[in-house]
Amino acid sequence: MYDLEYPSPEVAVTPEHGPTLIVALQGYADAGHAVESSANHLLHALEHRPVASFHSDELIDYRSRRPIATIAENQLADMEDIRLEMHIIQDTAGTPFLLLTGPEPDMRWNAFTEAVVSLVDRFNVEKTVCLYAAPMAVPHTRPLVITAHGNTPAMLQPHFTMGATIRIPGSAALMLEYQLHKSGHQVGGFTAHVPHYVAASEFPEATLKLLRAVERTAGLDLPLDSLQLDVERTAAQLNEQTEESQEIQKVLKVLETQYDQDLERYVARSEQSSLATESSMPTGDELGAEFERFLQSLDSRALDSGSEPPLDPVEDPQEDND
């Protein structure tokens, strides 16, 4: 299933504490290419080396994920090498952490999950964080929301959470989360809520917010200044396109109003619950249901308001991340 690098590198943070594993698999729940860009930024900006390489022929369906071939001057000059690997990376303070990245496996999810869990045990991983990005009916002119789920309170704060029960399509990363939870490991996930009308383009704010969430929960020091520049550049491009179209402005105004009103109600409900007596305090399920209604109302009302803002894809917002 995988090959270990030899000699195996030292990955312990301290003799008492193991590293954090970040899971950034491409292909599922990656609106704005935020998950892929998060992994690429870490690999480009920090020193790293592979610790385990998975056998792509056992996991990848090449007909659904065809590698790119390059023909130059009538000759086949290059063929993309599809890699699914676990890397050890050092942050700017020298603290090691692990990154599992590459295409989501098309096949053998159970075997893949068992293999990753064995690596988690082998390297004494202290916590695992999976990254996701979902297209949502939210405006780019408001703060991007990160929702968190996990089996430890430290992973959930200070992000939005959904205490209600929801059902979503599964993925290899979600299956890995489930197995790690069952085996008693600390594990959770962060999801960036990307404006649905830019979901097909790179959206650096989602990448930045995901990595900041990772930085906080894992106690890492990550180089994110270049991403902030990308965020400002993309925002300027989107604002310029918005100013050129009254139709876009009208739809954005609707999204902004809905976002502000629903978020205000959610925050007010949360503040009231913190001041309430124990007998009158709403349950976690009630708060989660309120936030789920907040998300659903954004989607349904945006559809009722008319067409999506016809923004053009923003080109190359992250061309200089390292």
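**Close-ups of a predicted model**

View 1. Leu76 counts as exposed because its relative accessible area is 59%, and the cut-off for exposed is over 50%. Together with Ile71 and Met79, Leu76 makes up a nonpolar surface patch, and the three share about 340 Å² of accessible area.

**View 2. Helix H3, end to end.** H3 takes in residues 109-122, 14 residues in total. From first C-alpha to last, H3 reaches 20 Å, close to the 20 Å you'd expect at 1.5 Å a residue. Which residues of H3 are buried? They are Phe112, Thr113, Ala115, Val116, Val117, Leu119 and Val120. As a reminder, an α-helix has 3.6 residues a turn, so residues three or four places apart point the same way. After H3 comes Asn124, with a positive phi near 55°.

**View 3. Inside the largest nonpolar core.** This core holds 44 residues, and those touching the most other members are Leu42, Phe97, Leu99, Leu131, Phe190 and Leu222. Helix H6 (residues 204-218) supplies the largest share, seven residues. A separate core of 29 residues lies apart from this one, and its members include Phe54, Leu84, Val117 and Val125.

**View 4. Zooming in on Phe97.** What does Phe97 contact once neighbours within four places in sequence are set aside? Its partners are Pro19, Thr20, Ile22, Leu42, Leu46, His87, Ile88, Ile89, Gln90, Asp91, Leu220 and Leu222. Two names on that list, Leu42 and Leu222, also turn up with Phe97 among the residues that touch the most other members of the 44-residue core.

Technical notes: Residues numbered from 1 in each chain as written. Predicted model: local features only at pLDDT ≥ 70, side-chain atom pairs only at ≥ 80, totals over all residues. Heavy atoms only, no water. Patch = residues over 30% accessible without salt bridge, like charges linked within 9 Å, V, L, I, M, F, W, Y side chains within 5 Å. Areas by Shrake-Rupley, 256 points an atom, 1.4 Å probe, with all protein chains shown as cover. Salt bridge = Lys/Arg side-chain N within 4 Å of Asp/Glu carboxyl O. Buried < 20%, exposed > 50% of the residue type's maximum accessible area, 1.4 Å probe, protein only. Helix = DSSP H or I, 4+ residues; strand = E, 2+ residues; numbered from the N terminus. Expected span 1.5 Å × (residues − 1). Core = buried A, V, L, I, M, F, W, Y, C linked by side-chain atoms within 4.5 Å. Contact = heavy atoms within 4.5 Å.
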